[in-house]
Amino acid sequence: MRNLASIFRIIALVAIAWGGIELLFETEPGQLAVLAYPKTLIFLGVIALVSIAIEVSVAALRFTLFKSLSEEKQEKFLALENKQVNQLKAKFENLPKLLTRSRPIEEEGEIELDHDYDGIRELDNKLPPWWIYSFYASIIFAAIYLVRFHVFDDYTQVEEYKAEVAQAEIDIARYKETAKDLVTLETVTLMADPSDLEAGKQIYTNNCVACHKADAGGGIGPNLTDEHWILGGGIKNVYRTLLEGGRPGKGMVSWKNDFKPSELQQVASYVLSLQGTVPAEPKEPEGEIWVEEIE
Ligand code: HEC
């Protein structure tokens, strides 16, 4: 019992210290501060060691003091301790009764009412305190609610809903900003930001010019500046071509293992930004004229 209490105290202390560290240190959502700042683990370790040391010394001190008592006093001491433990136990055992105020079955005769419905009798049980106080709390809540929303016309549910949707949209936009690589074939959009197009141009220059030429006029691969497309134009199709490659054996491979989704989106957008430019030696058009479907 005593040992158990010691262990419990040590764990509680370390847990409180840990909680404090998590509160004090700023981390990205979902990340534990103790992992982000490993030095805090040393701190927790020290706390654990110190508290173990304290528990051990207190136990040792207690033992020596106890031994120094006369036998009679030792017995008295133990009896007193037992009494305290028993009182504590009795309190715990009484807890359900305190919470429900129910009468034991032997005493039910005292609270029986003289209502008798064909042998079904009624008991005058007390309402359980947990129930009655929740009931009072709900009355208070209702009164405040009534005054706030029906007398003073604070916001309506529709307004609340709209505010939450607006906030969610802000959150989603912020999330997408940090998680650009969430783009998929379904969600990919044309990028217009000059820095994105510049990044796309870099990738194009380093990887694509061998077959498509620097001005995209075409060589082994088709001309990318005209409105004819073999595999379909528009951001979704071009993105798909980069993701999955061209028709087998033609030479256009999938680039999905070389670049992140956001990078593929940048190259695809760069390629499309070349539409209508005039290359030095344009390859003759291949494929169909692509017309963007307007939704
Ligand atoms: C080894 C040569 C080669 C390289 C390198 C290459 N391509 Fe291609 N590309 C081709 C060929 C060949 C095709 C035609 C595929 C087909 O007919 O299915 C093609 C098709 C395409 C298409 C579709 C054109 C259409 O008409 O539908 C796009 C877009 C494209 N490439 C972009 C790129 C980009 C961007 C890169 C660099 C990341 C790249 N390609 C690298 C050879 C290449």
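**Helix packing, ligand shell and annotations**

Mentor: Helices H9 and H10 pack with their axes 9 Å apart, at an angle of about 125 degrees. Axes are lines fitted to C-alpha atoms, for helices over the stretch in contact, and angles run from 0 to 180 degrees between N-to-C directions. This is a predicted model: local features need pLDDT of at least 70, side-chain atom pairs count only at pLDDT 80 or more, and totals for chains, interfaces and linings use all residues. Residues are numbered from 1 along each chain as its sequence is written.

Trainee: How are H9 and H10 oriented to each other?

Mentor: Angles under 35 degrees count as roughly parallel, over 145 as roughly antiparallel, 65 to 115 as roughly perpendicular and the rest as oblique. H9 and H10 are therefore oblique to each other.

Trainee: At what angle do the axes of H1 and H3 cross?

Mentor: Helix H1 (residues 2-24) and helix H3 (residues 39-68) have axes that come within 10 Å and cross at roughly 155 degrees. That makes H1 roughly antiparallel to H3. This crossing of H1 past H3 is right-handed. Helices here are DSSP runs (H or I, at least four residues), as are strands (E, at least two), numbered from the N terminus.

Trainee: Which helices supply the shell around the ligand?

Mentor: A residue is near a molecule if its C-beta atom, placed from the backbone, lies within 6 Å of it. Here 25 residues surround the ligand, and the closest are Cys 208, Cys 211, Gly 221, Gly 246 and Met 252. At least two shell residues come from each of H7 (194-207), H8 (209-212), H9 (234-244) and H10 (261-273).

Trainee: What does UniProt list for residues 195-275?

Mentor: UniProt annotations may be inferred rather than shown by experiment. The unreviewed entry lists "domain: Cytochrome c" there. Residues 195-275 are 51% helix and 2% strand, with end C-alpha atoms 18 Å apart. The entry also places "transmembrane region" at residues 7-25, 41-65 and 130-147. Residues 130-147 are 100% helix and 0% strand, and their end C-alpha atoms are 26 Å apart.

Methods
Left-handed = near helix turned anticlockwise from the far one by under 90°.
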